[in-house]
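Colleague: Please take a close look at one helix–helix contact for me. Then carry on from there to the other packing and pairing you can describe.

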There are 2 protein chains.
Amino acid sequence: MEIYQTNQLRIYNSLSKSKEDFTPIVPGKVGMYVCGPTVYSNVHLGNVRTFLSFDLIYRYLKHLGYKVRYVRNITDAGHLENDADEGEDRIAKKARLEEIEPMEVVQRYTVDFHQVLQRMNFLPPSIEPTATGHIVEQVEIVKAIIAKGLAYVVNGSVYFDVIKYNKEEAYGELSGRDIEAAVHQTRSLDGQSEKKNPQDFALWKKADDRHIMRWPSPWSDGFPGWHLECTAMSTKYLGETFDIHGGGMDLKFPHHECEIAQSKAYKGVEPVRYWMHANMLILNGQKMAKSTGNYILPNELFSGENQLLGRGFSPSTVRFFILQAHYRSVLDFTGPGLEASEKGYVKLMEAFSKIDSIASGDKDTLDIKRWKQQCYAAMNDDFNSPVLIAQLFEAVKYINLLLDQQATLTAATLADFTSTLTVFVLDVLGLQDERKDKRSDTLSGVVDILIDLRNEARDNKDWALSDKIRDQLATLGVQLKDGKEGTTFSLQ
Amino acid sequence: MEIYQTNQLRIYNSLSKSKEDFTPIVPGKVGMYVCGPTVYSNVHLGNVRTFLSFDLIYRYLKHLGYKVRYVRNITDAGHLENDADEGEDRIAKKARLEEIEPMEVVQRYTVDFHQVLQRMNFLPPSIEPTATGHIVEQVEIVKAIIAKGLAYVVNGSVYFDVIKYNKEEAYGELSGRDIEAAVHQTRSLDGQSEKKNPQDFALWKKADDRHIMRWPSPWSDGFPGWHLECTAMSTKYLGETFDIHGGGMDLKFPHHECEIAQSKAYKGVEPVRYWMHANMLILNGQKMAKSTGNYILPNELFSGENQLLGRGFSPSTVRFFILQAHYRSVLDFTGPGLEASEKGYVKLMEAFSKIDSIASGDKDTLDIKRWKQQCYAAMNDDFNSPVLIAQLFEAVKYINLLLDQQATLTAATLADFTSTLTVFVLDVLGLQDERKDKRSDTLSGVVDILIDLRNEARDNKDWALSDKIRDQLATLGVQLKDGKEGTTFSLQ
């Protein structure tokens with residue numbers, strides 16, 4: 001029996017704006033699509049927060065026993081600078097500025113993206129498809145939507161007819177926009193636009209002469225509209241209707257709204273059962289975003305090379321900091337907040353590392369069953385990681401009580417406690433045992449023993465022993481330094 | 001002035017079968033294409049050797065000051081099980097066996113490939129394109145070759161007409177095969193094949209009903225022939241003629257031969273200036289290959305979890321072992337060989353780590369200029385890494401002489417020696433300073449000092465001190481164990 005059979009997961013659905021019981025289309029299997037990065041710059045911490053939310057969700061779904069197909073795409077073409085289908089392709093612009101081939105830009109930032117996520121212990125998704133890898137599929141969808149009469153061709157470009165679509169379907173249902181009102185409020189098109197209505201969006205854009213990234217199509221040498229790739233890839237790998245679609249909250253409109261319209265026009269069915277949106281990361285009182293320059297890069301955080309913080313924080317600390325907020329809450333990024341998380345993280349992991357040295361007793365004086373239920377209850381309640389983490393700090397108290405022999409657990413209960421804690425700390429939250437740092441703590445501790453012995457030798461005027469300790473350490477690259485505050489050491 | 005302007009690189013060209021002066025098409029810029037992995041299984045050490053050869057080449061070209069565009073593809077579709085265009089697609093077959101989507105197979109093994117290469121300190125290529133990401137481009141090439149009369153359509157599949165091509169061009173020039181003789185020797189087709197001649201190869205294959213990976217085309221719903229992707233991607237990113245094309249020696253025929261034929265038929269020009277082929281890795285007297293089961297995985301080597309070797313070897317040791325053979329020589333993989341490399345690697349890196357503590361003197365008693373020239377001469381001679389490594393061991397001797405003050409260098413010469421050694425060790429060979437292991441060696445050394453002090457205490461019957469040392473170490477997770485052979489320790 002799988003865990004999900006006794007745990008009713010509830011998910012906040014952005015479409016219904018309410019928490020709903022989660023029931024996958026195919027029992028035991030979950031299809032999840034998450035909008036990935038546009039690889040034209042280094043991934044910043046705000047992006048990381050979004051992807052981490054879905055890493056947590058993926059991990060918990062897997063832990064519940066679901067077989068999950070998790071698709072997270074790479075946008076490597078077609079994302080124009082503004083959402084009105086005008087401007088320059090972001091990747092092509094970066095390539096022009098740096099005088100390199102657009103796919104070199106894609107490669108550089110895809111590598112960065114993967115390295116950052118790997119350092120932070122993300123699980124790779126099941127499939128990581130690219131927009132340029134699905135040009136054929138996108139062209140086929142455009143053909144189908146034109147055939148349904150819901151798109152029109154102008155000068156080699158193809159636009160989705162939102163007004164016509166809206167007569168049968170409800171455009172704006174996800175973001176809560178009233179398209180009828182919008183049509184009346186919007187200033188009239190300036191005559192230069194090819195669109196019939198400002199609400200229409202591009203399915204295919206004809207490439208102008210400068211545009212390097214281009215492919216042949218029945219309408220022009222051009223490139224697909226940004227929204228189309230997600231429809232093509234989610235449909236191809238997850239089917240016309242799938243369980244979960246995720247992304248950052250800023251993608252609700254127009255991106256996800258357009259995806260819904262495209263999918264319904266293409267296949268005639270609602271594409272997604274549960275829409276999930278991760279909230280923003282706030283820095284200096286504003287949303288963290290590349291476009292405004294108000295952002296911090298993960299590698300700057302790890303190395304400490306940034307103006308905001310005086311020192312570096314480990315990838316697991318940053319991970320823990322982000323998970324201490326619920327994915328649907330705004331998260332305020334501050335130095336003191338990060339430092340507090342670091343303390344909590346160290347406290348949690350120190351207690352966790354001692355769990356194996358607890359001896360079992362004759363009876364249970366702690367209610368581990370209830371504690372375990374509360375851990376699951378937190379995650380079953382729309383993946384509430386801060387509530388789960390509060391429970392893990394309860395476990396820290398338990399561990400200390402048990403180590404101090406102020407509480408006892410029977411062998412069976414202790415085993416259950418240990419395995420549950422391990423699952424939630426390592427598998428679900430994805431925290432890493434940073435044993436390398438531990439190793440260096442051990443080294444400091446062992447050197448400190450020798451420093452104490454040397455001090456005793458000096459007190460006893462045993463200069464031979466005192467010198468021997470200093471010299472032997474020096475051969476190993478450990479330099480002792482005697483100062484007013486006592487003896488310290490440095491490593492070569 | 002760039003380094004390449006005073007260093008004439010010579011490259012063995014597989015096409016001319018001789019070493020030639022290297023002159024790029026565009027001064028100062030190099031375009032290099034290397035056939036990457038087919039991602040249907042974990043990358044084995046034989047594959048790694050091929051890619052490492054080109055990592056070395058890429059690093060040295062960059063060091064010489066060339067601006068290099070290095071394209072290494074990922075084959076994620078179209079590679080049939082045998083080279084005769086029959087059988088099942090390798091990735092689709094794996095997916096069928098494991099009951100997953102082919103792109104999940106692709107993702108799993110692409111992630112493995114990247115992780116192994118990252119651990120071994122490979123530089124990512126400039127562009128890493130995929131076969132499925134270039135279906136449109138491949139279809140366009142097939143159209144062009146059909147239009148030139150050099151391909152024919154049968155039942156929705158398209159074949160390249162080798163015999164007709166060979167009337168104008170020389171098919172087989174790279175691999176040294178005489179196509180005329182081959183035609184007469186080959187048994188006649190069995191009537192089931194769609195090909196006019198056995199030498200013909202597929203440009204496009206119609207997908208049968210079971211085949212999941214398929215795309216629409218003018219001829220059928222199908223998939224491109226394996227050879228076509230490399231022509232499409234090299235032409236797209238490097239132009240119709242580019243500088244260097246590399247790959248494993250086993251790809252000369254038919255793969256590279258077919259690439260040449262396709263490119264000439266498509267663009268009418270010789271596609272590649274310098275063909276480079278990395279030689280085989282031999283295990284148990286046979287070529288290391290996935291298909292025969294005679295292989296070892298890099299992760300098995302690192303962890304020590306394999307039957308051949310009793311223990312693990314660090315990624316840099318494995319890297320050093322491979323680079324100790326010239327890329328065009330057969331490399332025999334043996335345990336003793338790897339152990340010898342480990343000793344050499346440790347010796348080299350130990351000396352290298354001490355170079356900063358050398359004090360400069362009044363005069364030069366070592367000929368650093370000549371040594372430096374010989375380092376460059378080795379690499380300029382078709383990237384001869386074993387000869388370079390021999391020079392680096394000369395440098396180890398120099399370092400020891402300098403440290404023992406049996407030789408001296410002036411400050412300027414010492415700076416040149418240091419920077420040259422750093423360039424060749426870290427940048428060109430890509431070896432890593434494995435300081436983490438060094439840290440754990442230090443810990444062992446420091447614990448050993450305490451063990452000795454404790455033994456002395458026990459000899460003096462100072463049980464208080466002896467117990468204190470043991471207990472304090474235990475608090476740090478260092479467990480002492482007294483045995484017949486003396487005292488050992490383990491870390492928790």
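Modeller: B:Ser316, B:Thr317, B:Phe320 and B:Phe321 of H10(B) meet B:Gly337, B:Leu338, B:Ser341, B:Glu342 and B:Tyr345 of H11(B). Contact means that the C-beta atoms, placed from the backbone, lie within 7 Å. By class, this contact has four nonpolar, four polar and one charged residues. Ala, Val, Leu, Ile, Met, Phe, Trp, Tyr, Cys and Pro count as nonpolar; Asp, Glu, Lys and Arg count as charged; the others, Gly among them, are polar.

The model is predicted: local features need pLDDT of at least 70, side-chain atom pairs count only at pLDDT 80 or more, and totals for chains, interfaces and linings use all residues. Residues are numbered from 1 along each chain as its sequence is written, while chains are lettered from A and ligands numbered from 1 in the order in which they are written.

Back to the pair. H10 of chain B covers residues 315–323, and H11 of chain B covers 335–354. Helices (H or I, at least four residues) and strands (E, at least two) are DSSP runs, numbered from the N terminus. The two axes come within 9 Å and cross at roughly 105 degrees. That makes H10(B) roughly perpendicular to H11(B). Axes are lines fitted to C-alpha atoms, for helices over the stretch in contact, and angles run from 0 to 180 degrees between N-to-C directions. Under 35 degrees counts as roughly parallel, over 145 as roughly antiparallel, 65 to 115 as roughly perpendicular, and the rest as oblique.

Now chain A. H7(A), residues 226–238, packs on H8(A), residues 252–267, at about 55 degrees, with axes 9 Å apart. H7(A) and H8(A) are therefore oblique to each other. H7(A) brings A:His227, A:Leu228, A:Cys230, A:Thr231 and A:Thr235, and H8(A) brings residues including A:His255, A:Cys258 and A:Tyr266. The contact divides into four nonpolar, six polar and one charged.

H12(A), residues 368–380, and H14(A), residues 411–428, pack at about 20 degrees, with axes 10 Å apart. That makes H12(A) roughly parallel to H14(A). Here the crossing is left-handed. A:Ile368, A:Lys372, A:Cys375 and A:Met379 of H12(A) meet H14(A) residues, among them A:Phe417 and A:Phe424. The count is six nonpolar, two polar and two charged.

Next, strands. In chain B, E5 (residues 151–154) and E6 (residues 157–160) run antiparallel and share four bridges. Strands pair if DSSP finds at least two bridges between them. B:Val153 stands opposite B:Val158 in E6(B). Two residues lie between the strands of this hairpin, and B:Asn155 takes a positive phi near 50 degrees. Chain A has an open, mixed sheet of three strands, ordered E12-E11-E13. E12 (286–287) and E13 (331–333) of chain A are the edge strands, each pairing on one side only. E11(A), residues 281–283, pairs with E12(A) in the antiparallel sense over two bridges. A:Leu283 stands opposite A:Gln286 in E12(A).

Last, confidence. ipTM is 0.84 and pTM is 0.87. Chain A averages a pLDDT of 91, and 93% of its residues score at least 70. pLDDT is the predictor's confidence in each residue, from 0 to 100.

Conventions
Two residues are in contact if their C-beta atoms, placed from the backbone, lie within 7 Å. A crossing is left-handed if the near helix is turned anticlockwise from the far one by less than a right angle, and right-handed if clockwise.
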